[in-house]
Amino acid sequence: MTRRDLITALAGAPALLQAQAPAFTLPKLPYAFDALEPHVDAQTMQIHHGKHHQAYVDNLNKAISAEPSLRGKSLESLLSGLQQVPESVRTAVRNNGGGHANHDLFWKVLGSPKGGPAAGLAQAINKSFGSREQLEDKLRATGLTVFGSGWVWVVPEAGGGLRIETSPNQDSPWMAGRKPLLGLDVWEHAYYLKYQNRRADYLAAVVKVINWDFVSDRHRELTR
Ligand code: MN3
């Protein structure tokens, strides 16, 4: 290697490294795998985070590397602008970008709750559902109506209220230009090991581990 080659190689190195760095990475789970026991078991969390979520991240990165024009875009802008994503990777971005965004939020929505919703969120909940218990009941009931794999969402509405919606597969409210406040995964992979086909039992358990501190903070941000 000549001196000139070396200088050229070194000059290209940062760009090369940057080009090879994955666009998206699996976020660390913000608590231990067994933190949600007995409501959500450690083995489910381990596989759900380490295998399922990891696969969405890996497949999203594959789609991005096939379409360099997408590099550097945020997940939210990819999802809310799916029609601008080249058709060759649109389905991959929809499924895997949705999967990444949905799970990233889901891990944060869960936790070991210490208290209930803060004042601002409590007000919105009471306005739209009457009480937190009624919101939880409605989340459970709506979760049962999702046919096959999907999600249940709580989304802030204009006027200060909230509403519940569902999505199939890994679709996200972002795809319709709405910002999800909280989401509950009702794919079988979220509960099958512990609850088998009993989605109702899983839903009853998972609403008990909603991290209302996080959801209250997020509500404040989204409605600011
Ligand atoms: Mn899942």
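A residue counts as buried when its relative accessible area is under 20%. The structure described here is a predicted model. In this model S167 has a relative accessibility of 7%, so S167 counts as buried.

**S167 and its surroundings**

S167 belongs to strand β2, which covers residues 162–168. A polar atom of the S167 side chain lies 2.7 Å from the backbone oxygen of D171. Leaving aside residues up to four places away in sequence, S167 touches V146, S149, G150, W151, W153 and S172. Two of these names, W151 and W153, return in an aromatic cluster, which they form together with F106 and W107.

**The sheet**

Strand β2 is part of an open sheet of three strands, with the order β2-β1-β3 and antiparallel pairing. The edge strands are β2 and β3, each of which pairs on one side only. On average, neighbouring strands of this sheet are turned by 20° against each other, with direction ignored. As a general point, the strands of a sheet pair through backbone hydrogen bonds, and the pairing is either parallel or antiparallel.

Strand β1 covers residues 150–156 and pairs with β3 in the antiparallel sense over four bridges. The pairing of β1 with β2 is also antiparallel and runs over seven bridges. β1 and β2 form a hairpin, with five residues between them. In the turn of this hairpin, G159 has a positive phi of about 100°. The table gives residues that stand opposite each other.

| Residue | Opposite residue | Strand of the opposite residue |
|---|---|---|
| V152 | T166 | β2 |
| P156 | L162 | β2 |
| W153 | G183 | β3 |

Strand β3 covers residues 182–185, and both of its faces are covered. L182 and L184 lie on one side, G183 and D185 lie on the other, and all four are buried.

H48 and H103 link distant parts of the chain, being 55 residues apart. H48 is in helix α2 (residues 42–66), and H103 is in helix α4 (residues 87–109).

Are these two histidines buried or exposed? H48 has a relative accessibility of 1%, so H48 counts as buried. The relative accessible area of H103 is 0%, and H103 is therefore buried too.

**Aromatic pairs**

How many aromatic pairs does a search of the whole structure find? The search finds five. One of the pairs is made by Y191 and Y202, with ring centres 4.9 Å apart and planes at 20°. Planes under 30 degrees apart count as stacked, so the pair of Y191 and Y202 is stacked. This pair links distant parts of the chain, as Y191 and Y202 are eleven residues apart. Y191 is in the loop between β3 and α7 (192–195), whereas Y202 is in helix α8 (residues 199–206). Both Y191 and Y202 are buried.

Technical notes:
Residues are numbered from 1 along each chain as its sequence is written. This is a predicted model: local features need pLDDT of at least 70, side-chain atom pairs count only at pLDDT 80 or more; totals for chains, interfaces and linings use all residues. Side-chain values use heavy atoms; hydrogens and water are left out. Helices (H or I, at least four residues) and strands (E, at least two) are DSSP runs, numbered from the N terminus. Buried means under 20% relative accessible area, exposed over 50%, partly exposed in between (1.4 Å probe, protein chains only). A polar contact is a pair of N or O atoms within 3.5 Å; within protein, one must be able to donate a hydrogen and the other to accept it, and residues adjacent in sequence count only if both atoms are side-chain atoms. Contact means heavy atoms within 4.5 Å. Two strands pair if DSSP finds at least two bridges between them. Axes are lines fitted to C-alpha atoms, for helices over the stretch in contact, and angles run from 0 to 180 degrees between N-to-C directions. Rings of Phe, Tyr and Trp (its six-membered ring) pair if their centres lie within 6.5 Å; planes under 30 degrees apart count as stacked, over 60 as edge-to-face and the rest as tilted.
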